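This report goes through a structure with the sequence and the coordinates at hand. It takes up the contacts between chains, then features within chains.

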Amino acid sequence: MTARRKVLTQAQVGTAIKKLAEKIYEQMKKPGNEWALVGIQRRGVPLAERLEKSLEELGASPLSVGTLDITFYRDDMGEAPLNPVVQDTNVPFDVNGKTILLVDDVLYTGRTIRCALDELMDFGRPNQVLLAVLVDRGLRELPIHADFAGESVSTNEQERVEVHLEEVDGEDAVWLNQSEKSEGRSAK
Amino acid sequence: MTANNKSNTKSTETLLIRGGRVVDPGNQRDAEMDVLIEGETISRVAKTIPAPAGGRVLEAKGLVVMPGLVDMHVHLREPGHEGAETIESGTRAAAAGGVTSVVSMPNTNPPIDNVSGIRFILRRAAETGLVRVWPTGCITRQRAGDGLAEIGAMVKAGCVAITDDGDSVSKTRLLRRAMEYAKVFDLLVIEHSEDKSLKGDGVMNEGALATRLGYRGIPKQVESIAVARNIALAELTGARMHLAHISTRDSVDLIRAAKKRGVPVTAETTPHHFSLTEEAVVTYGSNAKMNPPLGSANDRDALLKGLADGTIDAIATDHAPHTRAAKEQEFSIAPFGVVGLETLLPLTITQLIEPGLLTWSDAVKRLCLNPAKILNLPVGTLSEGAPADVVLVDPSEERQMSSFSSKSQNSPFLGWTLRGFSQAVIVGGRVVIRREALKTV
Amino acid sequence: MKDLIGLEHLSGAQIEHILETARPMKSLFTRSIKKVPVLRGKTVALVFFEASTRTRSSFELAAKRLSADTLNLAMSTSSVTKGESLLDTMKTFEAMKVDFMVLRHSSSGATELVGRDTKAHVINAGDGSHEHPTQGLLDIFTILEKKKRVDGLNVVIVGDILHSRVARSNFWGLAKLGAHITVCGPATLIPKGIEDVFGRKVRVCYKMEEALKDADVINVLRLQRERQEGDFFPSLREYTELYGLNSERLRLAKPDCLVLHPGPMNRGIEISSEVADGPRSMILEQVTNGIAIRMAVLYLFSGPNGFPANISAAKKGKKSLLEIGN
């Protein structure tokens with residue numbers, strides 16, 4: 001039995017992204033390094049693109065956007081089934097000296113972010129790395145926090161937070177699924 | 001000729017085989033009859049024979065009673081390769097398969113090319129053999145293809161044919177001389193027909209499958225070129241030539257034409273060649289690596305037809321034991337050959353008799369009567385006065401082949417379910433194998 | 001699927017998937033740190049019963065860029081001819097608990113023989129005249145990168161087809177992806193029945209002038225000099241005259257025709273230096289791509305059940321590289 005509840009509607013997702021962009025822009029305005037965005041595959045990628053657009057609307061000059069697939073950096077190889085589909089990793093700019101804003105849809109255990117940090121460091125040495133997520137659902141397993149969160153949702157381990165985005169899923173919404181079996185504390 | 005089985009203690013028993021279907025083409029018999037054995041010989045075959053006083057009775061109702069099988073192509077490996085087979089284990093495998101006469105090939109180490117070699121085989125057979133062993137000797141000294149072996153002396157010692165089996169005699173003039181020489185003794189020359197230089201480093205039948213698997217091919221002409229030459233030599237010399245393990249359509253056609261002309265040639269094929277095609281290489285790996293190689297379906301069809309119309313006189317196993325270690329090697333390195341003594345009878349029944357290609361009587365000709373005639377052996381029939389080599393066969397007994405009595409297990413037929421197994425095997429009047437199910441009185 | 005024996009045993013979708021996975025692997029090469037931790041703790045044994053510098057180094061680098069440990073075992077060919085059992089040797093390696101055995105052997109079928117007997121993933125790095133699947137994959141990857149498609153291309157493979165495992169892997173892969181295949185070489189080096197073996201008609205030509213017309217890709221095979229002793233052709237000079245690829249002959253092909261060679265080359269024999277070093281030559285690109293392909297293979301076969309057979313289910317919704325190409 002799976003109970004399913006919509007946490008955010010389409011309009012609310014739009015508002016949450018806008019609010020997130022405003023928070024980021026506040027920080028960005030301060031004098032400092034050049035900024036660039038890196039979305040984590042899959043839904044972090046369209047999210048990063050939307051944030052970039054919102055930031056431009058707020059007055060930022062166009063920003064570079066890259067993508068990361070963290071498959072090769074996961075810490076559960078051999079335990080979880082292999083992910084046979086490797087998405088594109090594309091960081092088409094020099095990360096050295098920049099402020100890199102990592103973007104993902106949900107922050108949970110922190111393991112995905114750990115992987116993304118490892119991978120990012122293999123591209124060079126950014127001056128600063130910040131993290132923006134649409135939903136922070138708590139329950140961290142690593143000392144990682146979001147610098148910018150659109151929404152905070154309190155959850156337990158039996159629940160599943162699903163962010164749906166138009167570009168990938170055909171709708172904008174955030175769902176909370178009550179699942180009998182634990183999602184397992186994997187990379188997500 | 002001496003019957004050289006183990007029976008130092010000659011059988012003096014009286015044995016009645018009662019109520020079986022006696023198939024004995026040597027005497028045009030195929031009917032429910034009784035067979036009486038007294039001592040080492042068959043004394044009477046008739047509709048009803050009263051049970052002899054003090055004798056044993058084997059109830060053969062529902063069974064086929066036929067002469068013991070004569071396998072004219074067997075590698076017993078002793079001396080030299082006792083890890084793969086010995087005369088003891090090989091004749092045990094023969095008995096298990098209903099084979100009461102084994103014609104041993106001389107490509108041992110050392111090769112059997114002289115009198116002491118022949119004597120060694122006969123002595124070991126007498127000491128350890130469970131069935132009769134009829135030795136052959138080499139055509140050439142050391143089986144090296146140069147210079148004649150002491151053929152006349154070997155014949156005196158008990159050699160029943162000469163062959164360099166494993167190899168063809170590639171020097172045509174030498175083979176001509178051997179045949180002329182053998183003719184004087186009315187001795188059979190058995191040729192392993194193969195053009196060695198054309199074969200090269202081939203390991204399986206040449207064609208699309210070998211191309212796909214990346215194995216060097218052996219064109220079918222490797223055999224038919226040699227068959228044509230050997231037929232020509234039989235024609236030239238008038239000596240009797242037997243062509244071993246025939247495997248291709250072209251060879252069958254050549255032999256058929258030669259027989260029509262009256263050339264003194266005979267031929268055998270093997271159960272693996274009439275049961276399998278080259279596709280078996282994919283499934284069975286090195287257990288389907290044999291020489292000559294398994295052919296196409298077209299070749300197999302020709303063999304079946306040749307068996308049916310009598311172009312091919314005999315079925316022989318080319319029983320070629322190899323150790324597991326040898327066969328577990330890479331396909332191109334693994335030796336050629338498969339064991340066959342224990343699958344000869346059931347494959348003949350399942351592949352030839354059941355589909356109606358051969359009658360029981362014709363099958364017994366190919367398995368018993370013809371090989372004995374070709375080699376001038378006093379076996380292969382249930383004639384009164386003949387050596388009492390008899391097999392009782394249950395044509396409907398089904399078995400999954402799981403292991404063999406042979407020392408070696410290199411067979412593609414392991415795992416196959418076959419029908420038609422011997423229930424009792426009698427050699428020289430002695431029951432050497434009897435299944436428990438068989439009733440005796 | 002536990003082992004990679006040959007492209008014969010892969011579906012078109014599986015082949016495409018390996019090619020697609022090689023793409024992110026190749027993009028790693030442009031990073032300052034070219035190594036990812038994905039196979040950390042895995043051991044890849046490189047067991048080469050035949051001398052090979054290129055393929056072995058390529059596999060070694062591929063394994064290392066995925067953070068696997070490598071074990072280099074150059075077996076002397078003489079131990080094979082001495083009858084040392086291949087399976088015994090391989091069981092020894094299995095006892096060392098290696099996860100992968102990358103095997104090169106002079107006997108066709110050797111990888112399959114070993115794969116049946118070991119729990120490790122066996123990757124065929126060339127077995128006799130049978131297959132060399134990663135070479136086939138890297139050739140096709142190179143074609144795909146430049147031509148954006150394989151389907152409908154005219155691919156000509158020139159040289160010693162009879163003894164070539166590279167050719168056989170190319171045939172299977174190209175046929176499954178829909179290329180038109182032509183082979184060209186002396187009749188003595190074209191195996192029997194080749195036309196109908198690979199699931200798609202293979203055209204056989206004995207004249208280069210005929211074979212090269214309208215070619216999109218020419219894959220020139222290495223000529224083993226010792227074949228001359230096997231009476232397959234009279235002399236190297238005559239071979240070059242009849243079957244060597246030079247710029248004059250290359251002009252018979254399409255103007256954007258690619259030239260591939262698995263290496264190492266015999267310059268001036270099967271291929272002229274002018275062509276080998278010319279703008280159509282993909283020879284060095286093949287070397288780079290080889291590492292990406294081998295990384296993709298090691299990665300995809302490393303799962304507990306090896307390479308998933310039903311790959312299309314796993315990649316639902318993702319556009320294939322081939323679709324993007326079209």
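## Contacts between chains B and C

How many residues of chain C are in contact with chain B, and how many of chain B with chain C? In this predicted model, 20 residues of chain C are in contact with 16 residues of chain B. On the chain C side, helix 4 (86-95), helix 5 (110-115) and helix 7 (165-176) each supply at least two residues. By class, the residues of chain C that touch chain B divide into seven nonpolar, eight polar and five charged.

Two pairs of chains touch, and the most contacts are between chains B and C.

## Contacts between chains A and C

Chain C also touches chain A: 17 residues of chain C are in contact with 14 residues of chain A. Helix 1 (12-28) and helix 13 (311-314) of chain C each supply at least two residues to this side of chain C. Helix 1 of chain C gives the most, with three residues. The side of chain C that touches chain A has nine nonpolar, five polar and three charged residues.

Chain A and chain B are not joined by any contact. The closest C-alpha atoms of chain A and chain B lie 30 Å apart.

## The sheet of chain A

Chain A has an open sheet of five strands with parallel pairing, in the order 3-2-4-5-6. Strand 3 (64-68) and strand 6 (148-152) of chain A stand at the edges; each has a single partner strand, so one side of each is left without a neighbour in the sheet. From one strand to the next the twist averages 25 degrees.

Within this sheet, strand 4 (residues 99-107) and strand 5 (residues 128-136) of chain A run parallel and are joined by eight bridges. Thr99(A) stands opposite Gln128(A) of strand 5 of chain A.

## Helices across the sheet

Helix 1 (residues 10-29) of chain A lies across strand 2 (35-40), strand 4, strand 5 and strand 6 of chain A. Helix 1 of chain A runs at about 150 degrees to strand 6 of chain A.

Helix 3 (residues 111-121) of chain A lies across strand 2, strand 3, strand 4 and strand 5 of chain A. The angle of helix 3 of chain A to strand 4 of chain A is about 155 degrees.

## The two domains of chain B

The domain assignment of chain B gives domain 1 (14-65 + 387-434) and domain 2 (68-375). The C-alpha centres of domain 1 and domain 2 of chain B lie 26 Å apart. Between them, 30 residues of domain 1 of chain B are in contact with 43 residues of domain 2 of chain B.

On the domain 1 side, the elements that give two or more residues are strand 16 (390-400), strand 17 (417-427) and strand 18 (430-434) of chain B. Strand 17 of chain B gives the most, with seven residues. The side of domain 1 of chain B that touches domain 2 of chain B has 17 nonpolar, nine polar and four charged residues.

## A helix pair in chain B

Helix 13 (residues 344-353) and helix 14 (residues 360-375) of chain B pack at an angle of about 135 degrees, with their axes 11 Å apart. Helix 13 and helix 14 of chain B are therefore oblique to each other. The crossing of helix 13 of chain B with helix 14 of chain B is right-handed.

Helix 13 of chain B makes the contact with Thr348(B), Leu352(B) and Ile353(B), and helix 14 of chain B with Trp360(B), Ala363(B) and Leu367(B). By class, this contact has five nonpolar, one polar and no charged residues.

Methods
Residues are numbered from 1 along each chain as its sequence is written. Chains are lettered from A and ligands numbered from 1 in the order in which they are written. This is a predicted model: local features need pLDDT of at least 70, side-chain atom pairs count only at pLDDT 80 or more; totals for chains, interfaces and linings use all residues. Two strands pair if DSSP finds at least two bridges between them. Helices (H or I, at least four residues) and strands (E, at least two) are DSSP runs, numbered from the N terminus. Axes are lines fitted to C-alpha atoms, for helices over the stretch in contact, and angles run from 0 to 180 degrees between N-to-C directions. Two residues are in contact if their C-beta atoms, placed from the backbone, lie within 7 Å. Ala, Val, Leu, Ile, Met, Phe, Trp, Tyr, Cys and Pro count as nonpolar, Asp, Glu, Lys and Arg as charged, and the others, Gly among them, as polar. Angles under 35 degrees count as roughly parallel, over 145 as roughly antiparallel, 65 to 115 as roughly perpendicular and the rest as oblique. A crossing is left-handed if the near helix is turned anticlockwise from the far one by less than a right angle, and right-handed if clockwise. Domain bounds come from an automatic or database domain assignment.
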